[in-house]
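Please study the sequence and the structure, then work through each task before reading its solution.

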Amino acid sequence: MPKSLTTQTSDLDKIFDALSFLSSIRNFDDVLAVFGLSNLPTAQKYGIVFGCLTFTVTVLTVVTLLIMGGSFKRIAEQAKNGGSSIPGAIEERVSRPLLLERLLEARERLLKKYPEPEKTHDMTPLTNMLLNIAPDIAKAKEVTASIVATSSEEDKKKTNETLKQFIPEGYEENYIEAYRRCQDKPGGPTISGCPEARFEAYARAYAGCGSYTSTSYRRSYARLYEAVSCANHSSEKKYREHWFERPKDIVGRTIRLEPLEPERHLIDFFAMTCGDVFKEHKSFDPNEVWAFHPEGPFKSPEEMRKSFVFQRKMNEAGFAIIESLTDRMVGVVFLTNDDPQNLSISLELPIVKPSSEGTVEPIEGCFLLMDRLFSVGYRRIELSVDSMDNKGKQLSGRLGFTQEGLIPKHKIVKESNRDSLIYGMLNSDWDKGARSFLFKKLHGEKAMNSDAGNEKRESELEKRNKALAEMKSSESNHQPNK
């Protein structure tokens with residue numbers, strides 16, 4: 001019986017009316033009749049049945065796998081933590097399985113056959129070789145202070161001879177040559193009130209590289225130092241005073257390299273890598289810094305002092321990376337496995353706080369070392385990276401290194417296995433374009449073109465002067481004796 005239009009019907013009654021057709025369903029044919037498919041052939045009816053069954057089984061299988069595989073649990077964790085719960089390279093490295101006990105015991109037993117390698121926290125021979133050279137100003141001042149106005153000419157002559165003992169071999173000649181060259185063609189406008197500032201800056205940088213570096217390297221290093229130090233009155237004063245205080249530091253555009261010393265660098269380096277709040281930087285997991293290194297994180301500065309960071313082997317060198325603008329420490333960088341027999345050496349990845357990873361400072365620190373190593377005669381620089389260290393692999397590419405291979409089971413780090421990716425840089429590749437590529441990345445295309453132009457002009461001038469000197473020498477040898 002049809003209902004009156006004036007009769008009010010509840011929402012629940014409407015739902016029951018809509019689903020009233022379900023009460024008439026007794027078999028599969030009734031279902032087909034509801035959807036108007038009762039006249040289909042029998043084969044198509046069976047196809048629909050199997051299709052529905054397949055869909056149901058697929059849905060049940062997917063839901064089961066999601067539950068058993070932990071996907072729902074990870075989704076819940078991500079919703080709770082606001083990020084992905086998939087373990088990263090650092091977590092994987094920290095949780096890497098330890099070696100078998102018998103292998104660790106074998107290592108201890110075999111190591112006892114050899115004496116402990118000599119280590120030191122002082123500067124090693126390799127460190128001293130790479131640093132700039134300079135006159136011993138402190139001792140020279142002591143000798144100069146002993147000169148009085150009444151001293152005889154003979155005494156002054158002896159004093160001058162004594163002063164020459166404090167000047168490294170070849171320094172004076174290189175300084176005079178560089179000073180005159182910069183006088184002929186300075187790298188920029190004269191600083192008002194300091195007419196000789198550029199000449200002095202260029203000369204002390206050029207002579208500081210030593211006589212065993214290539215002349216092309218000395219010219220490039222001196223021009224960059226001149227440009228940075230003589231940008232204005234303030235920078236000229238800062239770099240001049242720094243040279244009097246620490247003349248051996250290797251100076252770049254954004255950073256300088258100081259020999260790593262516990263008394264000078266330990267406290268700051270521990271504070272910036274221990275994971276606690278440090279100055280304007282937030283706290284972090286210290287494994288972000290130390291996960292791929294043989295030791296660390298460290299519980300105290302004294303523990304770090306006794307570690308590989310400050311205890312160097314005789315064929316290694318350690319440098320602190322100091323930001324030029326703020327004079328703050330950014331990180332450290334090491335050279336290891338020095339092999340002068342084969343003119344080969346290893347560069348280790350810089351150790352810096354997480355906020356400095358991938359920035360220009362550690363890259364320039366590596367560039368300064370690589371440039372000097374090739375200038376003194378090395379043929380190959382090797383870089384070994386943990387196969388799980390993604391940031392290390394990215395940095396090796398940014399430095400222009402070429403991947404040479406993978407060494408499985410290369411090292412034992414923190415009692416677990418490490419596979420190493422080996423990267424290399426050859427002196428031939430450095431000269432043919434790798435140096436220019438990195439120089440441009442650090443200092444810009446304009447600076448790169450200026451450096452290349454200066455080198456071309458000054459190398460040609462050097463060849464002409466050398467040819468003239470040989471010609472004059474030849475003529476003087478052939479003149480008859482009077």
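**Exercise 1.** Determine which parts of the chain the salt bridge between Arg96 and Asp386 ties together.

*Solution.* Step one is the contact: the closest N and O atoms of Arg96 and Asp386 are 3.8 Å apart, and a salt bridge requires a side-chain nitrogen of Lys or Arg within 4 Å of a carboxyl oxygen of Asp or Glu. Step two is the location. Arg96 lies in the loop between helix H5 (89–94) and helix H6 (101–111), while Asp386 belongs to strand E9 (residues 380–386), so the bridge joins parts that are 290 residues apart in sequence. Helices (H or I, at least four residues) and strands (E, at least two) are DSSP runs, numbered from the N terminus.

The model is predicted: local features need pLDDT of at least 70, side-chain atom pairs count only at pLDDT 80 or more, and totals for chains, interfaces and linings use all residues. Residues are numbered from 1 along each chain as its sequence is written, and side-chain values use heavy atoms, leaving out hydrogens and water.

**Exercise 2.** State whether Arg264 and Glu258 are buried, partly exposed or exposed.

*Solution.* First, the pair: Arg264 forms a salt bridge with Glu258, and their closest N and O atoms are 2.7 Å apart. Next, Arg264 has a relative accessible area of 38% and is therefore partly exposed. Glu258, at 1%, counts as buried.

**Exercise 3.** Describe the geometry of the aromatic pair formed by Phe308 and Phe334.

*Solution.* A pair of aromatic rings is described by the distance of the centres and the angle of the planes. Rings of Phe, Tyr and Trp (its six-membered ring) pair if their centres lie within 6.5 Å; planes under 30 degrees apart count as stacked, over 60 as edge-to-face and the rest as tilted. The whole structure contains 14 aromatic pairs. In one of them, Phe308 and Phe334 are 6.1 Å apart centre to centre with 65° between the planes, which is edge-to-face. Phe308 is in the loop between helix H16 (301–305) and strand E4 (312–313), and Phe334 is in strand E6 (residues 329–339), 26 residues apart. Both are buried: Phe308 at 17%, Phe334 at 3%. Ring pairs also join these two residues with Phe269, Trp290 and Phe298 in a cluster.

**Exercise 4.** Identify what lies over the face of Phe334.

*Solution.* Arg312 lies there, 4.0 Å from the ring centre; the rule is that NZ of Lys or CZ of Arg is within 6 Å of the ring centre and within 35 degrees of the ring normal. Arg312 is itself buried, at 6%. Arg312 also forms a salt bridge with Glu316, the closest N and O atoms being 3.1 Å apart, and Glu316 is buried at 9%.

**Exercise 5.** Classify the ring pair of Phe374 and Trp430.

*Solution.* The ring centres are 5.4 Å apart and the planes stand at 35°, so the pair is tilted. Phe374 is in helix H17 (residues 360–375) and Trp430 in helix H19 (residues 427–443), 56 residues apart. Phe374 and Trp430 are both buried.

Definitions and conventions:
Buried < 20%, exposed > 50% of the residue type's maximum accessible area, 1.4 Å probe, protein only.
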